[in-house]
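These are my notebook entries on one structure. I record below what I looked up, entry by entry.

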Amino acid sequence: MSCVSDTHSSRGLNLAPASVEDYRDLARKKLPRQLFDYIDGGAFQEVTLAANRSDLSRLQLRQRVLRDVSTRTLSTTVLGEELAMPLILAPVGFGGMFAQRAEVQAARAAERAGVAFCESTLSICGIEEVSAAVSRPIWFQLYVMKDRSYAEALMENAAAAGCTTLILTVDLPVVGQRYRDVRNGIAGNISRLKRLRRGLDIARHPSWVRHVAIGGKPLTFGNLERALPDAKVPGDFQRWIASQFDPSVTWDDLEWLRRNWSGKIALKGILDVDDAREAVSRGVDAVIVSNHGGRQLDDVPSTIRVLPAIADAVGDQCDVLMDGGIRSGLDVVKALALGAKACLIGRPWAYAVAARGEAGVDHIFRIIREEMRVTLGLTGVTDVKDLDRSALVSD
Ligand SMILES: Cc1cc2nc3c(=O)[nH]c(=O)nc-3n(C[C@H](O)[C@H](O)[C@H](O)COP(=O)(O)O)c2cc1C
């Protein structure tokens, strides 16, 4: 389901990309459809995926005039770390399938932009490879696996690689049904016909095959290689991954996490005020208001809708971050006005790296930074840290 209006993009006009939406269009052209849909799609009927965008769009900014806005500050501090702007690259699994060594490219761009990059457990490039490419510490995202000793080894590797912050993703005890992936034959029962269609889809993208599928190092999951030394193709890993999500995880597992991680801990996937309160009572350093970009449970609220109540409940006790549907600097300003300290972006960096590699990710940072600067100037705000609800038109 498309949640982007064509009038806001350069689709069909072959113009240079000027917005995140333009990068989405470019990524659609570059990638085999099964991969584009994997990035772009959501769960079930994609109602929540669309709501993440439409609820943000519905919010209106207050235009304010005749305030001195000659200096505007975007920098902020999140989890004790200085960010040049309130943005973090969200953990995105399978990233290295969208462009050659995509996680390394994105981490380098994040470092140049002065923001944090979060490595997914399910990245193609392993934590050591990505950390070695940058001097800024990266963040690490962990799924709680049935094999706890492997999860412990991953945390040890992340600490050894200099990671300061661990994001524990808690909204994936089971995997959401993603119908696009079923239709494209990358999830569910894979018939011969679907396999054939997948092959044809890939054959229609020789440039992707040349540069990504066979052009670089083999496409394995860097963080999982030690668990599966004999795995050769992505399918071997995917079967293991599917068997490893642990539906028995509870709040008590945070004690196990704390015993194994001495840095900061952020819980990602909080969508309910009671869960946010529980997280704080268990001593986490941040909550990330997230519905996994509409990829898990459908018909749950958009993140921007629940953000204010969560920020009110726990914002004075921990950092509140938010993701889901952020596509512009205007969106970031709206989220900050409703209580987020910073936003994570997932699909935007996936589209950009697929479309133009590292230069694409550099570009979306420039785009969003400029959009934020303009938005602050026209709302009469000179520092992102001063944003509050007064920046929005109240209903
Ligand atoms: C292709 C893709 C893969 C993702 N993989 C992960 C992952 O491995 N771990 C995780 O915690 N979240 C994952 N997410 C969710 C993102 O971290 C983030 O919550 C979401 O993308 C935010 O919404 P947005 O894409 O609208 O910015 C993934 C999202 C996408 C689009």
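This is a predicted model: local features need pLDDT of at least 70, side-chain atom pairs count only at pLDDT 80 or more; totals for chains, interfaces and linings use all residues.

**Entry 1: helix α1 and its cover**

I then checked how far helix α1 (residues 20-30) is enclosed: nine of its 11 residues are buried, so the helix is largely enclosed by the rest of the structure. I listed the buried residues of α1 as Val20, Glu21, Asp22, Tyr23, Arg24, Asp25, Leu26, Ala27 and Lys30.

**Entry 2: helix α15**

Helix α15 covers residues 347-379 and spans only 27 Å between its end C-alpha atoms, whereas a straight helix of 33 residues would span 48 Å at 1.5 Å a residue. I looked for a bend and found one of about 135° at Arg356. Just after α15, I noted that Gly380 takes a positive phi of about 75°.

**Entry 3: the barrel**

I traced the strand order next. Eight strands form a closed barrel, in the order β3-β4-β5-β6-β7-β8-β9-β10, and their pairing is parallel. Neighbouring strands of this sheet are turned by 30° against each other on average, direction ignored. As background, I noted that strands of a sheet pair through backbone hydrogen bonds, either parallel or antiparallel.

Strands β3 and β4 run parallel and are joined by two bridges; Leu89 has Phe117 in β4 as its bridge partner. Together, β3, α4 and β4 make up a right-handed β-α-β unit. From β4 the chain crosses through helix α5 (residues 127-133) to β5, and this β-α-β crossover is right-handed.

Strand β4 (residues 116-119) pairs with strand β5 (residues 139-143) in the parallel sense over two bridges, and I found Glu119 standing opposite Phe140 in β5. I also asked which residues lie on each face of β4.

**Entry 4: strand β6 and its neighbours**

Between β5 and β6 I counted four bridges in the parallel sense, and Gln141 has Ile167 in β6 as its bridge partner. Helix α6 (residues 148-160) lies across β5 and β6 (165-169) and runs at about 180° to β5. I recorded β5, α6 and β6 as a right-handed β-α-β unit. On to β7 (residues 264-270), β6 pairs in the parallel sense over five bridges; there, the bridge partner of Thr169 is Lys268.

Why is β6 largely enclosed by the rest of the structure? Five of the five residues of β6 are buried, so the strand is largely enclosed. In a regular strand the side chains alternate between the two faces of the sheet. I checked the directions in β6: Thr165, Ile167 and Thr169 point one way, Leu166 and Leu168 the other way, and all are buried.

I looked up Ala99, which lies in the loop between β3 (87-89) and α4 (102-113). Is Ala99 buried or exposed? Ala99 has 29 other C-beta atoms within 10 Å, and is therefore buried, the cut-off for a buried residue being 20 or more. Ala99 and Ala352 are 253 residues apart in sequence, yet their C-alpha atoms are 9.6 Å apart in space. Leaving aside neighbours within four places in sequence, I listed the contacts of Ala99 as Gln105, Val212, Val353, Ala354 and Gly357.

I then turned to Ser54, which is found in helix α3 (residues 47-58). Ser54 is partly exposed, because 13 other C-beta atoms lie within 10 Å, and a residue counts as exposed at 12 or fewer. Ser54 and Ile304 are 250 residues apart in sequence and 9.9 Å apart in space, C-alpha to C-alpha.

Terms used: Residues are numbered from 1 along each chain as its sequence is written. Two strands pair if DSSP finds at least two bridges between them. Axes are lines fitted to C-alpha atoms, for helices over the stretch in contact, and angles run from 0 to 180 degrees between N-to-C directions. Two residues are in contact if their C-beta atoms, placed from the backbone, lie within 7 Å. A crossover is right-handed if, with the strands pointing away from the viewer, the path from the first strand over the helix to the second runs clockwise. The expected span of a helix is 1.5 Å times one less than its number of residues. The bend at a residue is the angle between axes fitted to the seven residues ending there and the seven starting there.
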